[in-house]
Amino acid sequence: MTRIPALAAGLLLLTACGAPGGGGGSVTVRSVEAVNALPIPELLEGTPRDGRSVFDLTAQAGSTDFGQTGGPADTIGINGSYLGPTLRMVDGQQVRVRLTNQLDEMTTLHWHGMHVPARMDGGPHSMVMPGQTWTPQWRIDQPAATLWYHSHPHGQTAQQVYRGLAGMIILDDPDAPDVGLPEQYGVDDVPLVVQDKTFLADGKLLVDPQAGPSTGFLGDTITTNGAMGTYFDVTTEAVRLRILNGSNARFYNFGFNDGRTFDLVGTDGGLLAAPVAADRVQLGPGERAEVVVRMSAGESVSLNSTPPELGTGDDGLFSGGTFEVLQLRAAQTLTPSPPLATELAQIQDDDPARAITTRTFRIQGRAINGRPMAMDRIDMAVPVDQTEIWEITNADPQPHNFHAHNVGFRVLSVGDQPPAPVQSGYKDTVYVAPRETVRILLKFTDYTDPNWPYMFHCHLLLHEDIGVMGQFVVVKPGQQAGTPPASNHLAHQDEHAPATHD
Ligand code: C2O
Ligand code: CU
């Protein structure tokens with residue numbers, strides 16, 4: 001018999017029989033009446049201080065009423081009991097975050113999708129101990145997009161994100177032309193952090209990131225911005241939904257219950273070149289989509305999810321069936337919305353012929369290229385300004401969702417197919433089906449540092465935690481990878497980095 005590495009065998013077993021406590025593979029999402037107004041996270045625009053926009057964030061514990069029966073759940077959040085404010089940042093702006101950790105556990109905060117120096121990136125090396133404040137700063141330097149932030153401590157990401165350490169970031173570009181997109185936050189420009197939870201009889205959260213099928217925890221209750229059974233009162237003819245899949249493992253295939261088409265206008269890294277008319281958009285954990293849907297006065301329609309197409313041969317295992325995510329209720333009179341422009345953004349077409357290196361990433365079991373994540377090992381040094389092709393292969397029978405920090409990439413091919421229209425823009429997280437290879441094109445344009453790594457990993461949070469992650473540094477041409485910061489590097493960071501603790 002071929003030797004199967006222990007975890008791979010474990011995963012196969014889990015796939016076959018289900019894990020104890022997690023209800024096995026398929027977890028059907030229960031239907032919940034839409035009785036709760038969609039919570040809109042507070043919008044933080046930062047306080048001007050010393051030429052920077054300063055965002056004061058506090059990680060804290062609390063208890064949260066999601067609308068569940070039995071009582072509130074113990075949760076953690078940023079500036080509140082669950083999730084965090086939406087941070088609005090602007091291209092060209094100097095930003096500083098002051099993150100104070102009032103939890104009784106270590107955490108980190110990562111800016112998912114942000115082009116940012118590695119020391120500011122909030123990955124697993126940027127640990128913030130209880131009582132400490134971490135103060136990263138950087139300049140916003142990328143197109144308008146929907147990003148997000150979440151905690152990223154090695155081995156603890158799944159449970160911390162599940163318990164609430166996440167939030168949305170809206171990047172704006174004041175110089176971009178007006179293309180008719182709705183942009184009134186909370187009115188016609190609506191953030192949706194979509195997650196699945198399981199509540200116990202006493203209302204507490206079941207926290208068991210190891211439970212579920214091989215991909216990790218699946219909950220039976222959908223929450224949006226921290227509430228279950230949500231509705232949103234629409235007052236405008238068009239609504240822009242910024243959808244973030246902030247779930248541990250669940251894939252969604254978003255659309256509307258009456259099958260109407262909508263305009264897909266943006267994905268992970270920003271606006272598409274032109275709106276794409278679609279009736280479904282599939283998002284794996286970590287991915288975002290911006291859609292614009294048009295409404296008629298007085299009508300009700302629901303954003304829902306149908307079973308995703310994962311190419312596993314048994315997608316039902318990872319699907320929750322068809323379920324409602326958010327009900328949209330249109331007022332009797334709607335404020336007119338402008339039409340969308342036919343061109344939304346300029347997307348430079350990097351020429352794959354310019355790629356001088358192809359790197360391969362083979363995901364199997366709890367490892368990439370045979371190596372599980374090690375904090376003290378840098379896996380690759382990528383020269384700055386070098387166009388590269390990364391070939392990501394999923395050698396497993398189960399889904400993976402590949403993410404790279406610090407970069408927006410373009411998808412070149414999925415298997416032997418060109419990317420679908422929904423993958424035609426900038427992405428930072430991409431689905432890699434079982435036994436398939438996805439090729440992406442990317443280039444790191446600055447922020448060289450041989451010692452402080454960025455991460456690449458599967459964004460199924462269980463996989464990330466158990467080792468399906470690696471580290472890369474961006475270096476000057478000819479430079480070698482150095483030594484990653486020691487696990488307890490806080491003093492080290494004070495000495496060498498502009499990020500400070502105070
Ligand atoms: Cu969304 Cu390495 O993270
Ligand atoms: Cu994975």
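With which side chain does the side chain of Gln471 make a polar contact, and at what distance?

A: The side chain of Gln471 makes a polar contact with the side chain of His125, at 2.7 Å; a polar contact here is a pair of N or O atoms within 3.5 Å, where within protein one must be able to donate a hydrogen and the other to accept it, and where residues adjacent in sequence count only if both atoms are side-chain atoms. This is a predicted model, in which local features need pLDDT of at least 70 and side-chain atom pairs count only at pLDDT 80 or more, while totals for chains, interfaces and linings use all residues. Residues are numbered from 1 along each chain as its sequence is written, chains are lettered from A and ligands numbered from 1 in the order in which they are written, and side-chain values use heavy atoms, with hydrogens and water left out.

The side chain of Gln471 also reaches the backbone oxygen of Met375, at 3.0 Å. Gln471 is buried, with a relative accessible area of 0%, where buried means under 20%, exposed over 50% and partly exposed in between, for a 1.4 Å probe and protein chains only.

Gln471 lies in strand E34, which spans residues 469–475; helices (H or I, at least four residues) and strands (E, at least two) are DSSP runs numbered from the N terminus. E34 belongs to an open sheet of five strands with mixed pairing, in the order E27-E34-E33-E29-E31. The edge strands of this sheet are E27 and E31 (429–432), each of which pairs on one side only. On average, neighbouring strands of the sheet are turned by 25 degrees against each other, direction ignored, with axes taken as lines fitted to C-alpha atoms, for helices over the stretch in contact, and angles running from 0 to 180 degrees between N-to-C directions. E27 and E34 pair in the parallel sense over four bridges, two strands being paired if DSSP finds at least two bridges between them. Within this pairing, Val382 has Val474 in E34 as its bridge partner.

Leaving aside neighbours within four places in sequence, Gln386 is in contact (heavy atoms within 4.5 Å) with Ile356, Thr357, Arg359, Leu442, Lys443 and Phe444.

Phe444 leads on to the rings, for it forms one aromatic cluster with Phe361, Trp390, Phe402, Tyr454, Phe456 and Phe472. Rings of Phe, Tyr and Trp (its six-membered ring) pair if their centres lie within 6.5 Å, and planes under 30 degrees apart count as stacked, over 60 as edge-to-face and the rest as tilted. By this rule there are 19 aromatic pairs. One of them, Phe256 with Phe262, is edge-to-face, at 5.7 Å centre to centre and 70 degrees between the planes, and both of these residues are buried.
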